[in-house]
Amino acid sequence: MDTLAFLIKRLGQAAVVMLVISIIGFSIQDNLGDPLRELVGQSVSEEVRDELREEMGLNDPFFVQYWRFLTKAVQGDLGTSYFFKKPALEVIMGKFPATFELVLAATFIIIFVSVPVGIYCAIHPKSFFSRLAMAVSIVGISVPVFLTAIFSIYIFAIYLDWLPSYGRGDTVDLGFWRTGFLSLDGLSHLILPALALSSIMLPLFIRLIRGEMMEVLRSEYVRFAWAKGLHPSRVYLLHAFKNTLLPVITVGGVQVGTLIAYTILTETVFQWPGMGFLFLEAVNRVDTPLIIAYIIVVGLIFVITNTIVDLVYTMVNPMVRITGVKG
Amino acid sequence: MKKTLMFLATAMVAVVMASGAYAKTLKMAYDADPVSLDPHEQLSGGTLQLSHMVFDPLVRWNKDLGFDARLAESWERVDELTMRFKIRQGVKFHSGNMLTAKDVVWTFDRIKGSEDFKAIFSKMSMKMVDDHTVDIVTDGPFPLVLHNATYIFPMDSAFYSGTDANGKDKGDIVKHGDSFASKTVSGTGPFTITSREQGVKVEFARFADYWDASSKGNVSKIVFTPIKEAPTRVAALLSGDVDFIAPVPPTDLDRVRNNDGTELITMSGTRIITFQMDQNRREEFKNPKVRQAIVHAINNEGIVQKIMKGFGTAAAQMSPKGYLGYNGGLKPRYDIAKAQSLMKEAGYDKGFTVTMMAPNNRYVNDFKIAEAVQSMLAKINIKVELTTMPKAQYWPKFDERAADMMMIGWHSDTEDSANFYEFLAMTPNKDTGKGQYNAGNYSNERVDQLTEATLIMTDDEERAKALQDIEKILHEDAAFVPLHWQDLAWAARTGVHIEDVVNVMNFPYLGDLVID
């Protein structure tokens, strides 16, 4: 029952957030530039441009335009992309699988690398490997993602010629979803972008897990567990690591947003046909309906992931009740 | 009869397959993919590049900026106002329909309804003479009939007639919205489109019934991928993921040139980059001496060397070499001492402050060029307050004439000099649309008259003289600051002979491309 009430509350919050985002998105659109410039050639006269503007409703006052947008938006119509000439939402949803798979792959890399490395560094803080991992992670945090991306292209695609340099490769169409996970070509195309994208979060999580774990290892109940003579793996994994997870999940939930933000850079460098790349292109082309739709969809993703994080939280630690984590 | 034909066809297919002539795949990457499959929706480089793959024009440019016969087999001038074109026989559209004069006239009438193209064709109309002959008739004497015929890519009128699933006319030209012609195509060109995912990939296959049997082109399939980021595009070529890329960024020219297995082709381009000095905003700019001083203070050859890394040709006029208006006597004028003395003569040796705007993602190194100009003008005590911004925000500012000096690059849509003067040098006039991009508000009656005159002159020699005179006047008046013509660059894997198909207009004739 609690969960249901919580979800309903969250839904209400989401609606407010979406509304605010749409107003902000709409009010900046006048500063994004003139869409007509991208739609017509250089020698088209200002008169003709103005006729087109009138026809597209771009000359209407802000609130008229916004109201028109809002009434359509509540029916699921976020406008039609100028460039793709299709509903903006449909265009974004078409690109969503590519971005989702990229983020998923990066998340996998982050989890499967940061957890073991973080735990190891916490248990053996003075070992050579731990020091190395810490040193590398400092570098990793400070190198911007597009540099990592370009370097990895030059090393793995040009110099070693192991992996493809751009794009998504072959995809398998599942009807509702086009996936790159099911073909070898698709997977090989995924490796570099996923590595580049994970490179920003990976050092952060290794350091976070290490720090939290070292904290927990000093606590009373871990000492007590040792005193009971439990097997080290049980102490480390069940007693210590599980309690390390809470802050990690919290940070993780927030960082999903950062990860999505960084897909814009990663996808652009790798010509990855996802939402982030689409967004940057839309900004360049002043495709305002697409820009606003993207902002709204990403806003929604934020709300959803944070809701999931809150729910997962209660599963990891039953002491936390969701009614207590609102806000 | 039928059997013999079948046999012949089979034999031909067998011969072709045995020789392996049609089994090459070209993987290419440009910075962007075409906006639409409709050849008349937008007048842009991308549209023309696509048009030359899927359609054929009546005539097309050759390397010497002359005209080669394509769907027009031959042409002759009937009188001062009429040019007669013989349309090639036996040309098949992708749909299977045969090309006739009716398609050509239909296409011409359609162009006249295109916002982007109609200005070019405003003085022309077309009449059908017989099934394979058309006349282009002009309102008055008009020198650019053949120039404009390079824009006429006959469309399959039967294919584009009728209504689509939404009840709309299949021939509609729609700028922002769904239209039949923006997604479906039937031309006479060397390639058909087999699949297209906008912004991701376009796949082409060679059209089996292509009319031009003499073409040596042996590419049977093209996979076209837009790769927006220049370093990634270069990396894709160097790693062998694609065979052909354009454009190549100046920073990577040496890398591609020196790399084993890739070839670089560069060419002096036709897009002139300039700064305009707004005489309506600044009293100082009304003084020709000040304008001269500015032009003399800007070392555009230095900009080409240092900033463009040699990837450009320093300019002293608008018309590039090869255009009728190119005046060989005009040379870049960098001379700082003269610039300083001109400022003194004009009474501005103490200098003044001006505002300047330039885009930062429109032309090659645009904002770096603006910064260089800023520091060069400091030497004659002109303090420049520079603002740079993405093109999307820049163009509205340009339309507002929001700064004292603004950057603009221009490529002549007609590949003719007069187009430069019409848009950049003539006195701005809202009603006629002349001088639409003249943000300097430069006005010279003589330039206006001469330009108008060259638009109705048909004698090439007389016309060349008039056009070159205009360049000279603009030069002497320092009507604008000429910087350079941007070079063009393409790169391909060794064995992909792009050098034979690229041209200064930057629409490679890929139908004729040979791969070893």
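Me: What makes up the secondary structure of chain A, and how do you know what to call a helix or a strand?

Reply: Chain A comes to twelve helices and two strands. Helices are DSSP runs of H or I with at least four residues, strands are E runs with at least two, and both are numbered from the N terminus. From that end, the order in chain A is α-α-α-α-α-α-α-β-β-α-α-α-α-α. A quick word on the source: this is a predicted model, where local features need pLDDT of at least 70, side-chain atom pairs count only at pLDDT 80 or more, and totals for chains, interfaces and linings use all residues. Residues are numbered from 1 along each chain as its sequence is written, while chains are lettered from A and ligands numbered from 1 in the order in which they are written.

Me: Why is B:Ile369 called buried?

Reply: A residue is buried if 20 or more other C-beta atoms lie within 10 Å of its own, exposed if 12 or fewer, and partly exposed in between, with C-beta atoms placed from the backbone. B:Ile369 has 24 within 10 Å, so buried is the word. You'll find B:Ile369 in helix H11 (residues 366-378) of chain B. As for chain A, 35% of its 327 residues count as buried.

Me: What makes a residue a contact of B:Ile369, leaving aside neighbours within four places in sequence?

Reply: Two residues are in contact if their C-beta atoms, again placed from the backbone, lie within 7 Å. With those neighbours set aside, B:Ile303, B:Ile307 and B:Leu483 are in contact with B:Ile369.

Me: How do you know that E4(B) and E5(B) pair?

Reply: Strands pair if DSSP finds at least two bridges between them. E4(B) and strand E5 (residues 82-87) of chain B have six bridges, in the antiparallel sense, so they pair. Across that pairing, B:Arg77 stands opposite B:Met83 in E5(B).

Me: What makes E4 and E6 of chain B edge strands?

Reply: Four strands form an open antiparallel sheet in the order E4-E5-E7-E6 (chain B). Strand E4 (72-79) and strand E6 (124-130) of chain B each pair on one side only, and that makes them the edges. Ignoring direction, neighbouring strands here are turned by 25° against each other on average.

Me: What angle do H5(A) and H10(A) cross at, and how is such an angle defined?

Reply: Axes are lines fitted to C-alpha atoms, for helices over the stretch in contact, and angles run from 0 to 180 degrees between N-to-C directions. For helix H5 (residues 88-123) and helix H10 (residues 232-270) of chain A, the axes come within 11 Å and cross at roughly 145°.

Me: Which residues of this helix contact count as nonpolar, and how many are there?

Reply: Ala, Val, Leu, Ile, Met, Phe, Trp, Tyr, Cys and Pro count as nonpolar, Asp, Glu, Lys and Arg as charged, and the others, Gly among them, as polar. The contact of H5(A) with H10(A) has nine nonpolar, two polar and no charged residues. Among those meeting are A:Leu102 and A:Val103 in H5(A), and A:Phe241 and A:Leu259 in H10(A).
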